[in-house]
Amino acid sequence: MPIPTDHAKPIRITAKENAFNQLQQWIIDGTLRAGEKLNDTELAEALGVSRTPIRESLQLLEVQGFVKMFPGKATQVTEVDRNSITELLPPLAALQALSAELAIPHLTDDAIALLESTNEDFAKAVYTKDYFSALKIDEKFHQIVVDIADNSYILSMVASLQAHVRRLFFHNSIVLTEQSIEEHHKIIQLLKERDALTVSSTMRDNWLRAIDEFHSLP
């Protein structure tokens, strides 16, 4: 099982958090391939931790749907179902839409400025066809809104769903287009206007449009 050795090791987090974050990233970007059997001893050696945080991380990854554990046999990376986008995005869209509504009472000038500058960065990435950077910036844009909403339950659920969005991107199921730039701009304007109903609808449409774009792929 090929395991990279040049990965970054986060600081000031627990061994379990470090292991979980790195294993999830390797599954998302395909370093650990769909269907691959995972050896907790090899993973522990690669990450410089004991087997305990590896096993705990694999249990969490199973809850999230990234691995499947067969007790006494093997732990295997789950397959990627590109069509799962039709199940993944509606709940994420609903949570993002609710976040936009909840964010309105907590908006500040600094928050609006951050959203505007982030969308400018997103536009540059899209126009230059740097889609990997665009994905990360798009996620940052929406995360800003979730953070402003300040709801721990939404924060947790969005984080889990967003990880699957990243994985689908690496398997060419997520399409980023210039239309998102304008939709982000509209979302910012509606937040400024404190229009909760319309910003919620616009945010939901921004996410759900990706389903139609996926089905239009050749």
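**Serine 117 and helix 5**

I will start with S117, which sits in helix 5, the stretch covering residues 109-127. Please keep in mind throughout that what we are looking at is a predicted model.

Is S117 buried, exposed or something in between? With a relative accessible area of 30%, S117 counts as partly exposed, because that value falls between the limits of under 20% for buried and over 50% for exposed. As for a distance across the chain, the C-alpha atoms of S117 and Y153 are separated by 27 Å, the two residues being 36 apart in sequence.

Helix 5 is built from 19 residues, and from its first C-alpha to its last it reaches 27 Å, which is close to the 27 Å expected at 1.5 Å a residue. Its buried residues are A111, I112, L115, T118, N119, F122, A123, A125 and V126. Around the axis these residues cover an arc of only 160°, and they therefore lie on the same side of helix 5.

On the face turned away from the buried side, helix 5 carries the exposed residues D109, D110, E120 and K124. Just after the helix there is one backbone feature to point out, namely that K129 takes a positive phi of about 60°.

The C-alpha trace spans about 55 × 45 × 30 Å along its principal axes. The radius of gyration is 19 Å, which agrees with the value near 17 Å that a compact globule of 218 residues would have.

Of those 218 residues, 45% are buried. If we consider contacts between residues at least 6 apart in sequence, 74% of them join residues at least 24 apart. Finally, the chain exposes about 11500 Å², and carbon and sulfur atoms supply 52% of that area.

Terms used. Residues are numbered from 1 along each chain as its sequence is written. This is a predicted model: local features need pLDDT of at least 70, side-chain atom pairs count only at pLDDT 80 or more; totals for chains, interfaces and linings use all residues. Side-chain values use heavy atoms; hydrogens and water are left out. Helices (H or I, at least four residues) and strands (E, at least two) are DSSP runs, numbered from the N terminus. Buried means under 20% relative accessible area, exposed over 50%, partly exposed in between (1.4 Å probe, protein chains only). The expected span of a helix is 1.5 Å times one less than its number of residues. The arc is that of the directions from the helix axis to the C-beta atoms. The radius of gyration is taken over C-alpha atoms; the globule rule is 2.2 Å times the number of residues to the power 0.38. Contact means heavy atoms within 4.5 Å. Accessible areas come from the Shrake-Rupley method with a 1.4 Å probe; for residues, only the protein chains shown count as cover.
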